[in-house]
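Here is a short report for a reader meeting this structure for the first time. Please look at the sequence and the model before reading on.

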Amino acid sequence: MTTEGEQMFRLAEEIWPLNRSLSGEGVRRTLSVLKRELPFLELKKFASGLKVFDWTVPVEWNISEAYIITPSGDKICDFTENNLHVVGYSEPFSGTISLSVLQEHLHSLPDQPNAIPYVTSYYSKCWGFCLDHESLLKLTEGDYRVVIKSNFASTGLDWAELFIPGESKKEIFFSTYICHPSMANNELSGPVLATQLAKALQETQFFYSYRFVFIPETIGSLAYMAENISEMKSNILAGYVLTCVGDEREYSYVPSRGGFTIADDLAQKTFETLHIDPIRYTWADRGSDERQYCSPGADLPVCSVMRSKYGEYPEYHTSLDTLGRVVTVEGLQGSFDFYMTLIGHVESQRFPKLKLIGEPQLGKRGLYPNLSIKGNYSDTHDLMNLISILDGKIDLEHAITTTGLDRIQALKFLARLKEEGLLEY
Amino acid sequence: MTTEGEQMFRLAEEIWPLNRSLSGEGVRRTLSVLKRELPFLELKKFASGLKVFDWTVPVEWNISEAYIITPSGDKICDFTENNLHVVGYSEPFSGTISLSVLQEHLHSLPDQPNAIPYVTSYYSKCWGFCLDHESLLKLTEGDYRVVIKSNFASTGLDWAELFIPGESKKEIFFSTYICHPSMANNELSGPVLATQLAKALQETQFFYSYRFVFIPETIGSLAYMAENISEMKSNILAGYVLTCVGDEREYSYVPSRGGFTIADDLAQKTFETLHIDPIRYTWADRGSDERQYCSPGADLPVCSVMRSKYGEYPEYHTSLDTLGRVVTVEGLQGSFDFYMTLIGHVESQRFPKLKLIGEPQLGKRGLYPNLSIKGNYSDTHDLMNLISILDGKIDLEHAITTTGLDRIQALKFLARLKEEGLLEY
Amino acid sequence: MTTEGEQMFRLAEEIWPLNRSLSGEGVRRTLSVLKRELPFLELKKFASGLKVFDWTVPVEWNISEAYIITPSGDKICDFTENNLHVVGYSEPFSGTISLSVLQEHLHSLPDQPNAIPYVTSYYSKCWGFCLDHESLLKLTEGDYRVVIKSNFASTGLDWAELFIPGESKKEIFFSTYICHPSMANNELSGPVLATQLAKALQETQFFYSYRFVFIPETIGSLAYMAENISEMKSNILAGYVLTCVGDEREYSYVPSRGGFTIADDLAQKTFETLHIDPIRYTWADRGSDERQYCSPGADLPVCSVMRSKYGEYPEYHTSLDTLGRVVTVEGLQGSFDFYMTLIGHVESQRFPKLKLIGEPQLGKRGLYPNLSIKGNYSDTHDLMNLISILDGKIDLEHAITTTGLDRIQALKFLARLKEEGLLEY
């Protein structure tokens with residue numbers, strides 16, 4: 001049997017080459033693979049030009065070819081070789097230009113001379129190429145032929161959503177982003193973990209509902225909130241941004257803005273259960289969609305538990321962030337286990353409430369001796385104790401622990417009272 | 001002059017022989033004696049068949065004769081000798097049966113071979129006898145003639161209520177139960193203490209209202225709540241279940257479910273005042289009508305201060321729980337003193353509020369010098385201090401202590417302001 | 001350039017001789033001088049006979065002449081020499097009386113034999129003179145001719161109000177009293193400090209509104225509340241009674257009734273900033289209009305920061321409380337500096353709130369790089385951090401300190417967001 005880690009790694013390998021960006025064909029192809037894995041995944045679109053709060057949804061970008069021919073006739077920065085070579089959302093361009101003009105359009109990282117950087121310019125029209133600094137330094141004077149065959153269309157941004165209904169409308173919300181091209185930890189790890197968690201959650205009926213959104217970062221979360229903020233405020237019990245969850249290094253934790261939401265609390269409990277001592281960042285270190293979800297106007301209970309945090313590992317946002325080198329089977333498995341444990345915690349955080357005034361009559365249910373004689377109560381006393389404290393303000397986990405009951409016996413008993421309409425949660 | 005303890009003991013002796021149960025003639029006769037003591041006591045009835053939350057009010061049970069004739073012709077388990085001999089709510093039965101069949105209907109306590117146990121079966125039809133274990137062991141094979149002349153009627157459960165109105169609608173609620181046959185601590189002590197407290201409270205006009213209910217346990221408190229829960233939630237400041245208040249042993253305290261209600265707080269203060277260090281039980285040790293009053297759906301501030309707690313003294317629920325052996329004049333007196341002290345505490349827990357904006361003009365009331373000259377304020381400064389903090393959020397006890405005023409002077413002064421409409425509490 | 005202290009001292013010298021009382025010509029002349037200094041000051045009147053809560057606004061009192069001719073023909077207690085010689089609100093009287101009759105109308109301070117005491121009788125008709133105890137002891141038997149030419153008119157009490165509107169309706173409230181005749185610390189210091197603060201506050205546009213009321217003590221604050229209590233409750237963020245603010249001795253602090261209002265908090269912060277360790281009195285030591293403003297029915301956040309507290313310095317309420325001897329340029333300046341520092345504190349206690357859901361798009365404002373490449377965020381990260389926490393619950397002072405931003409840069413940035421409708425405070 002393959003482990004979840006192996007399944008995630010294989011899925012990541014499959015979608016690695018697709019040219020994801022804020023929008024376009026690479027995103028659509030990525031989502032169609034995910035839909036094969038999750039048949040109930042709904043594929044959706046945000047229309048270009050849509051105003052979302054202070055922002056506007058940009059147009060769709062597609063690119064078929066991009067490269068540079070050097071004075072010596074070499075083809076460099078070929079998009080088909082590595083989709084990081086082109087600045088995301090580059091305008092079409094075709095022309096022959098001098099090295100000095102070309103250099104204004106080239107991006108490299110002097111500190112990481114072997115790495116191709118990841119560069120985008122979504123909201124300001126330009127074009128550009130990215131390459132490793134060593135190659136850049138070798139460029140000689142002369143005429144460079146530049147080709148970028150890209151185009152823009154007012155179709156919008158693709159995204160996808162999977163809602164797994166539970167008994168409760170209250171939901172656990174997972175957000176991940178599908179706008180990054182071929183980089184592994186940031187960001188193939190998030191989408192494949194989300195996919196694997198969704199599969200696991202569909203196997204059983206859980207109490208809470210679970211929602212997964214696969215969106216482009218920033219504009220995607222903004223547009224999603226523009227459509228759903230009121231339901232999100234009502235329903236989201238805890239939310240997590242799934243990003244950078246694929247390497248084996250330390251666990252990292254970026255709190256919600258408030259720092260004490262249920263999402264944060266569940267993360268803490270899970271750290272304790274799994275004996276994980278994560279690197280604890282602060283709100284000032286945030287950097288992904290919790291920026292939007294936790295913004296003062298949204299104020300949602302969303303935080304993020306990662307492995308190596310974006311911006312904090314050397315391969316971040318470069319061609320060095322690859323499967324194998326950064327993301328591993330074990331790294332992905334660790335994140336999967338973390339979130340499944342967290343789900344276990346939230347599922348036992350119910351607050352059952354006896355709907356009845358007074359005690360239920362257990363005698364007529366065969367749960368209490370009809371004959372009252374000294375010393376005859378002991379067997380049911382613990383069950384009586386349990387229901388005597390279920391006032392909707394104490395969580396089931398604590399109530400069961402307090403009364404020392406067998407968990408399964410307690411849950412079966414409560415299920416029966418619920419079925420009879422005497423209990424709610 | 002007879003003490004309250006003596007009066008209570010005599011009343012207990014008078015109603016001892018009556019065959020109390022959940023319902024029936026013995027209850028009615030008990031209540032009519034109490035009404036003689038408390039002329040304003042209102043006699044009431046819960047109708048049989050009435051649905052109360054998860055329960056149904058049972059039918060009335062009466063019994064005229066019950067006994068067993070042994071093979072040797074002896075009459076044993078004679079109801080007229082001790083009303084504990086018959087299982088409460090026994091069906092009528094008449095017949096001659098073998099010892100082995102009879103034994104299925106006999107109840108005894110092997111651990112307390114001299115005691116007749118107290119057994120009931122309100123909600124499941126059966127018949128049975130109770131006897132001391134030594135006698136049971138002596139029964140020989142042969143034919144036993146069994147007679148139980150009982151009957152059921154759809155008339156309902158008798159109960160009684162006494163409301164003593166105070167200045168405030170807020171009330172102190174006392175609940176006791178009149179469903180136990182001839183046993184002294186559990187439960188003649190509660191009804192006779194309730195009666196004595198009610199007498200004392202009728203002698204003076206108190207600030208709070210006081211209510212006493214004399215009901216059958218469990219079904220009585222449920223049925224009472226079914227009729228009154230909304231007023232109870234509005235009006236009950238503190239409530240106490242009066243039970244097992246007649247012996248001289250330790251004081252016992254069973255908290256409310258929450259544990260920090262005004263009822264609990266007053267009990268603590270009274271323990272401190274009287275230097276009593278009670279056995280402190282927990283909510284898990286509850287066992288009387290606080291089970292209903294404090295149930296999550298009712299959530300009333302009710303606790304219980306007893307002497308020896310039900311279930312915790314050897315004579316409990318047996319023929320050994322008698323006047324003299326368990327319940328004493330001194331034991332009853334101790335409970336009376338406890339609750340009267342508690343009443344003293346609650347009566348000084350008022351939260352007066354100056355209704356006026358600004359200070360009252362004390363000068364025109366002759367309470368402040370009209371001539372303003374340096375050093376002329378000292379006499380009234382303390383009174384001014386007192387009223388300057390009466391904002392409805394500080395209790396009078398504390399306000400008077402803080403300002404160092406003479407209590408009587410302060411109360412007279414406040415009474416005057418209240419009369420003039422400047423103060424409320 | 002004259003200091004504020006010097007300006008206040010000169011103003012105090014100018015209005016020193018005017019015969020202030022609860023009402024009358026001296027009050028009107030005082031207020032007209034203040035109006036010359038503060039052209040927007042509004043002169044107002046409370047009608048005599050007006051019921052205000054438990055009180056009634058008294059009639060106006062004026063006096064033209066008052067003196068005593070001794071048996072030896074000397075003129076003593078001449079009102080024109082010192083307006084403290086006559087008991088405030090003395091009835092007119094003219095007659096020749098014996099020393100023993102006269103003595104019932106004379107007031108002196110045996111413990112301060114050189115001081116003329118300050119005596120009033122607003123709410124009970126009488127007449128009287130005040131003189132130093134040494135002079136009183138020298139009076140010999142014989143006929144005394146007494147003249148008091150006073151009169152009462154149903155015109156009412158004069159007062160004045162200055163409102164300086166800010167961006168917010170929330171206001172800082174200053175109350176001072178103009179009912180005391182020629183005494184310096186108590187009470188010329190309050191009105192001249194109020195005047196100077198009002199001048200300073202009119203020089204700049206501040207965020208909060210500021211209100212100054214110049215009223216007679218007690219009845220003035222009561223009458224003012226009778227008209228304005230609802231607006232006061234809505235609008236007053238912090239209030240201060242300005243009294244006894246002119247000497248150089250210790251600072252004194254009388255808390256509000258609650259003790260933890262914003263007014264108290266600002267006073268504490270200002271003490272800390274200025275390294276002042278005041279004499280800390282309690283609510284039981286109150287004595288001026290906070291008695292009314294903080295009364296349970298009004299419950300306004302008002303406290304008082306003084307120099308030497310009324311009643312606590314030897315010259316209090318006597319002819320010894322003079323300019324120069326008690327009140328100094330430096331003393332007044334210290335109080336001015338205290339309250340201006342306090343105003344600085346409150347002005348940075350804003351609670352800005354991002355009105356937007358999600359982050360604002362800083363890129364389109366040229367405040368965020370449009371080209372996204374690793375390491376390109378640092379300059380704007382602090383601004384992003386600042387707005388990411390402006391949820392209306394954190395004060396600007398704290399937010400700026402936390403993010404380590406330059407205050408001016410931060411304020412300019414917030415002003416821009418506010419202008420664009422993205423921020424409110």
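The report below goes from the chains to a helix pair and then to one residue.

**The copies**

This is a predicted model. Two copies of a chain are related by a rotation about an axis and a shift along it.

**Chain A as a whole**

Chain A has 425 residues, and 61% of them are buried. Its secondary structure consists of 12 helices and 18 strands. Consider the contacts in chain A with a separation of 6 or more: 81% of them join residues 24 or more positions apart. The accessible surface of chain A is about 16400 Å². Carbon and sulfur atoms account for 51% of that surface.

**A helix pair in chain C**

Two packed helices are described by the angle between their axes and the distance between the axes. In chain C, helix α5 spans residues 189-202 and helix α9 spans residues 329-347. The two pack at an angle of about 45°, and their axes are 10 Å apart. The angle makes α5(C) oblique to α9(C). Their crossing is right-handed.

Which residues of α5(C) and α9(C) make the contact? From α5(C) come S189(C), V192(C), L193(C), Q196(C), L197(C), A200(C) and L201(C). From α9(C) come L332(C), S335(C), F336(C), Y339(C), M340(C) and I343(C).

**One residue: K35(A)**

K35(A) lies in helix α2 of chain A, which covers residues 25-37. Is K35(A) buried, exposed or partly exposed? K35(A) is partly exposed, because its relative accessible area is 31%, and partly exposed covers values between the buried limit of 20% and the exposed limit of 50%.

Setting aside neighbours within four places in sequence, K35(A) is in contact with L41(A) and L43(A). K35(A) and E161(A) are 126 residues apart along the chain. Their C-alpha atoms are separated by 9.9 Å.

Methods:
Residues numbered from 1 in each chain as written. Chains lettered and ligands numbered in written order. Predicted model: local features only at pLDDT ≥ 70, side-chain atom pairs only at ≥ 80, totals over all residues. Heavy atoms only, no water. Helix = DSSP H or I, 4+ residues; strand = E, 2+ residues; numbered from the N terminus. Buried < 20%, exposed > 50% of the residue type's maximum accessible area, 1.4 Å probe, protein only. Contact = heavy atoms within 4.5 Å. Areas by Shrake-Rupley, 256 points an atom, 1.4 Å probe, with all protein chains shown as cover. Axes fitted to C-alpha atoms, helices over the stretch in contact; angles between N-to-C directions. Parallel < 35°, antiparallel > 145°, perpendicular 65-115°, else oblique. Left-handed = near helix turned anticlockwise from the far one by under 90°.
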